[in-house]
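Here's a quick tour of a few packing and charge details. Have the model open while you read, and turn it as you go.

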Amino acid sequence: MASPKTEHHEGGASRVIPLFPEMLPYLEDCRELASEGCEFVIWRYRKMNSNYGVLLNKLVKRAGLTTWPKPFHNLRASRETELVEQFPIHVACKWIGNSQLVAAKHYLQVTDEHFGKAVQKAVQQPAEMPRKASHPHFGGSGHTPIFPDYAALCDVLRELQWALQDSNL
């Protein structure tokens, strides 16, 4: 598929992506509706100067459905999130055409299914009670490990607690 956004990068003029099985029935329907000998199954909107967001919103409304903000971004985000569930992130990013950093910052989403799995896991495996013995990860020294990133936060919380006690709130 042509990739004008990345064509200035080496090897970026196009991307090869797999044809995902869930898309096949829709593409086959389009092929049946297309004129004989037609190279593209969707040919009407191939102009690069078209505003696809406006067009998509019109089609969604015409179908009697509700539009949502930034539809193409949200479609990409949904698909990339689905792909990362099935394939390593570097593979999904290669197919989508972004970096892992961009994917994590702008596209990957937490879904209702993630919450459902977490809740189900919590029900199946209740939390363990805290252990009194030292954790083997810390060498069994019995000393409390030091976490500098959290130490400042603990100091702030202690000061806040003292301030609240002093003010009798």
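R79 counts as buried at 18% relative accessibility, where buried means under 20% relative accessible area, exposed over 50%, and partly exposed in between (1.4 Å probe, protein chains only). Keep in mind that this is a predicted model, where local features need pLDDT of at least 70, side-chain atom pairs count only at pLDDT 80 or more, and totals for chains, interfaces and linings use all residues. Numbering starts from 1 along each chain as its sequence is written, and side-chain values use heavy atoms, with hydrogens and water left out.

So what does R79 pair with? Its side chain meets that of E22 in a salt bridge (3.0 Å, N to O). R79 sits in helix 3 and E22 in the segment before helix 1 (24-33), so this pair ties together parts that are 57 residues apart in sequence. Helices here are DSSP runs (H or I, at least four residues), numbered from the N terminus. R79 also forms a salt bridge with E82. Those two both lie in helix 3, three residues apart, about one turn of the helix. Put together, E22, R79 and E82 are linked in a network of salt bridges.

How many salt bridges does the structure hold? There are three, counting a side-chain nitrogen of Lys or Arg within 4 Å of a carboxyl oxygen of Asp or Glu.

| Pair | Closest N and O atoms |
|---|---|
| R79 and E82 | 2.8 Å |
| K117 and E85 | 4.0 Å |

The K117 and E85 salt bridge links distant parts of the chain, with K117 in helix 6 (residues 112-124) and E85 in helix 3, 32 residues apart. As for accessibility, K117 is exposed at 53%, while E85 is partly exposed at 45%. E22 is partly exposed too, at 40%, and E82 falls in that class at 39%.

Now for the packing around helix 3. Helix 2 (residues 52-62) meets helix 3 (residues 71-86) at an angle of about 85°, their axes 9 Å apart. The axes are lines fitted to C-alpha atoms over the stretch in contact, and the angles run from 0 to 180 degrees between N-to-C directions. That makes the two helices roughly perpendicular, a label for angles of 65 to 115 degrees. On the helix 2 side, Y52, G53, L56 and N57 make the contact, and P71, F72 and L75 do so from helix 3; contact means heavy atoms within 4.5 Å. By class, that gives five nonpolar, two polar and no charged residues. Ala, Val, Leu, Ile, Met, Phe, Trp, Tyr, Cys and Pro count as nonpolar, Asp, Glu, Lys and Arg as charged, and the others, Gly among them, as polar.

What about helix 4 (residues 89-96)? Its axis comes within 8 Å of that of helix 3, and the two cross at roughly 145°. R76, E80, L83 and V84 of helix 3 contact I89, A92, C93, W95 and I96 of helix 4.

One last stop is the loop between helix 2 and helix 3, where K70 is found. K70 isn't a glycine, yet its phi is positive, about 45°. Most residues other than glycine have a negative phi. K70 is exposed, with a relative accessible area of 57%.

Definitions and conventions. Angles under 35 degrees count as roughly parallel, over 145 as roughly antiparallel, 65 to 115 as roughly perpendicular and the rest as oblique.
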